[in-house]
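Keep the 3D view open as you read.

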Amino acid sequence: MYILDTDHLSVLDRGGVKAQRLLQRLANAGSTQVAVSIISYEEQMRGWLSYIAKAQTIEQQVEAYKQLKRQLTNYCAIPIFEFDEQAAQEFQVYWMPSSVETKRHIMSS
């Protein structure tokens, strides 16, 4: 299973050679083997809402809202993993600087 993060999604949005390589790998995996997290949705939503807020012309607003809708449509077509209690615990262990594992590593160095 492939879980795409925000960086992967941004590569796909921009297109180009990197996006084509990623799309090939995803095509080989099959659509049922690709998912995203609700965190990526939140990060991208923040980006588009910020972009909309900064739009200075009606044309920029129209384009921004088109992109926001495209993002929503894309997320509706793919499984989205929750950020639940279990995910939060895993995040704390492996990613939070104050996690027990990180403290152990620092203390053993």
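## Two helices side by side

Helix H3 (residues 38–54) and helix H4 (residues 58–76) have axes that come within 9 Å and cross at roughly 170°. H3 and H4 are therefore roughly antiparallel to each other. Angles over 145 degrees count as roughly antiparallel, under 35 as roughly parallel, 65 to 115 as roughly perpendicular and the rest as oblique. The axes are lines fitted to C-alpha atoms over the stretch in contact, with angles from 0 to 180 degrees between N-to-C directions. Helices (H or I, at least four residues) and strands (E, at least two) are DSSP runs, numbered from the N terminus.

Contact means heavy atoms within 4.5 Å. H3 contributes residues including Tyr-41, Met-45, Trp-48 and Tyr-51. From H4 come Ala-64, Leu-68, Leu-72 and Tyr-75, among others. The contact of H3 with H4 holds eleven nonpolar residues, five polar and one charged. Here Ala, Val, Leu, Ile, Met, Phe, Trp, Tyr, Cys and Pro count as nonpolar, Asp, Glu, Lys and Arg as charged, and the others, Gly among them, as polar.

## About the model

This is a predicted model: local features need pLDDT of at least 70, side-chain atom pairs count only at pLDDT 80 or more, and totals for chains, interfaces and linings use all residues. Residues are numbered from 1 along each chain as its sequence is written, and side-chain values use heavy atoms, leaving out hydrogens and water.

## Aromatic pairs

How many aromatic pairs does a search of the whole structure find? It finds three. In one, the ring centres of Tyr-41 and Tyr-75 lie 4.9 Å apart with planes at 75°, so the pair is edge-to-face. Rings of Phe, Tyr and Trp (its six-membered ring) pair if their centres lie within 6.5 Å; planes under 30 degrees apart are stacked, over 60 edge-to-face, and the rest tilted. Tyr-41 sits in H3 and Tyr-75 in H4, 34 residues apart.

Trp-48 and Tyr-51 are also edge-to-face, at 5.5 Å centre to centre and 85° between the planes. They are three residues apart in H3, so about one helical turn separates them. Trp-48 counts as buried at 19% relative accessibility, whereas Tyr-51, at 42%, is partly exposed. Buried means under 20% relative accessible area, exposed over 50%, partly exposed in between (1.4 Å probe, protein chains only).

## Helix H1

In H1 (residues 6–14), the buried residues are Thr-6, Leu-9 and Val-11. Their cover includes strand S1 (2–4), helix H2 (17–29), strand S2 (34–37), H3 and H4. After H1 comes Gly-15, with a positive phi near 75°.
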